[in-house]
Amino acid sequence: MSVTVRVPAKVNVQLAVGAARPDGFHPLANVFLAVGLYDRVTVTPAEELRVTCSGPGSDQVPLDATNLAARAALALAARYGRTGRDAAVHLHIDKDIPVAGGMAGGSADGAGALLACDALWGTGASREELLEICAELGSDVPFSLVGGAALGVGRGELLTPLEVGGDFHWVFAMASRGLSTPAVFREFDRLTGHAVVPEPVASEPLLAALAKGDVDALAGAVSNDLQPAALSLFPELARTLEAGRAAGAVAALVSGSGPTTAYLARDAASAARIADALTASGTCRTVRLATAPAPGATVL
Ligand SMILES: C[C@@](CO)(OP(=O)(O)O)[C@H](O)COP(=O)(O)OP(=O)(O)OC[C@H]1O[C@@H](n2ccc(N)nc2=O)[C@H](O)[C@@H]1O
Ligand SMILES: Nc1ncnc2c1ncn2[C@@H]1O[C@H](COP(=O)(O)OP(=O)(O)O)[C@@H](O)[C@H]1O
């Protein structure tokens, strides 16, 4: 018997970042939007814990106990007193979310493995318990479970679901190399230096644009405080952003800590034109189209 769970990628339509806390994490006002690019995690009982991965970029995914899917399975087993063979599973990750791209691929695999093991083992864990384990695994992991759209505060793990009044068309340009999330936050600290960094707050116009499904209003309200840091570490991304804007994107921004860049299109036809132009520009590795919002982790 095996269980497969599908989990979406995310784009941050607002990422407001405050000054580093004493624990090193940054307070955020993080407006997550789940997008229709998915990893699939399949869990099967096995002799011992094992992780395999297929799909683009899978060679960069660690297959040891540091893998977020493995950590999720171990955390759930520990909470329910499962040891030895009772906790042993084969986790297979079928990757479609770009690796180290700022689209929460690892977090998606953590949330997916948690939900899949929960279903396989029939633990009866509540949604709150699952969300608690997600938050221990990483700041982005709770959102991967929930999907849709949500405001994340704290280090991004404390979620409030948000209303979304329509579908949005997005284009994503994958870069030729990855960017490390901690390195981008460190660069944010370096660039802000001794300046007073304001408390992060969610943008009311942005929340209203999402609620109305108003693409032009959303385009005018998106923001990412990590973008200058990502561009500082990866200056070539500016050319990709420019190519997307020139092709008609109503907004062009770095996704989270990057280096994937995200382009909001007015409609599906415009998204297709932006995708073609980005491919022709030669400034990125691959281009993908996706709509949002997408549902959270789902047992197939
Ligand atoms: C930036 C964001 C935006 O959604 O995602 P990505 O773009 O990387 O996907 C997130 O905040 C990333 O979340 P996630 O990738 O789960 O980060 P974690 O594992 O919790 O933390 C990794 C490292 O990022 C930094 N970090 C993360 C979250 C936060 N609020 N402040 C931080 O300073 C810390 O250096 C931490 O050690
Ligand atoms: N399932 C996974 N478990 C643990 N680490 C992963 C997993 N997938 C990717 N990684 C690693 O975690 C780092 C961040 O990857 P990822 O989560 O894809 O990007 P991001 O944090 O930018 O959204 C990468 O170095 C990658 O090798």
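Student: How many residues of domain 1 are in contact with domain 2, and how many of domain 2 with domain 1?

Tutor: Two residues are in contact if their C-beta atoms, placed from the backbone, lie within 7 Å; by that criterion, 29 residues of domain 1 are in contact with 34 residues of domain 2. This is a predicted model, in which local features need pLDDT of at least 70 and side-chain atom pairs count only at pLDDT 80 or more, while totals for chains, interfaces and linings use all residues. Residues are numbered from 1 along each chain as its sequence is written, and chains are lettered from A and ligands numbered from 1 in the order in which they are written.

Student: Which elements give two or more residues to the side of domain 1 that touches domain 2?

Tutor: Helices (H or I, at least four residues) and strands (E, at least two) are DSSP runs, numbered from the N terminus; here the elements are β1 (3-17), β2 (28-45) and β5 (149-153), with β2 giving the largest share, eight residues.

Student: Where do the bounds of the two domains fall?

Tutor: Such bounds come from an automatic or database domain assignment, which here gives domain 1 (3-162) and domain 2 (168-292), and the C-alpha centres of the two domains lie 23 Å apart.

Student: Which residues come nearest to ligand 2?

Tutor: A residue is near a molecule or strand if its C-beta atom, placed from the backbone, lies within 6 Å of it; of the 20 residues around ligand 2, Asn-67, Leu-68, Gly-105, Gly-106 and Asp-109 come nearest. The elements that contribute two or more residues to this shell are α1 (68-79) and α2 (105-121), and α2 supplies the largest share, four residues.
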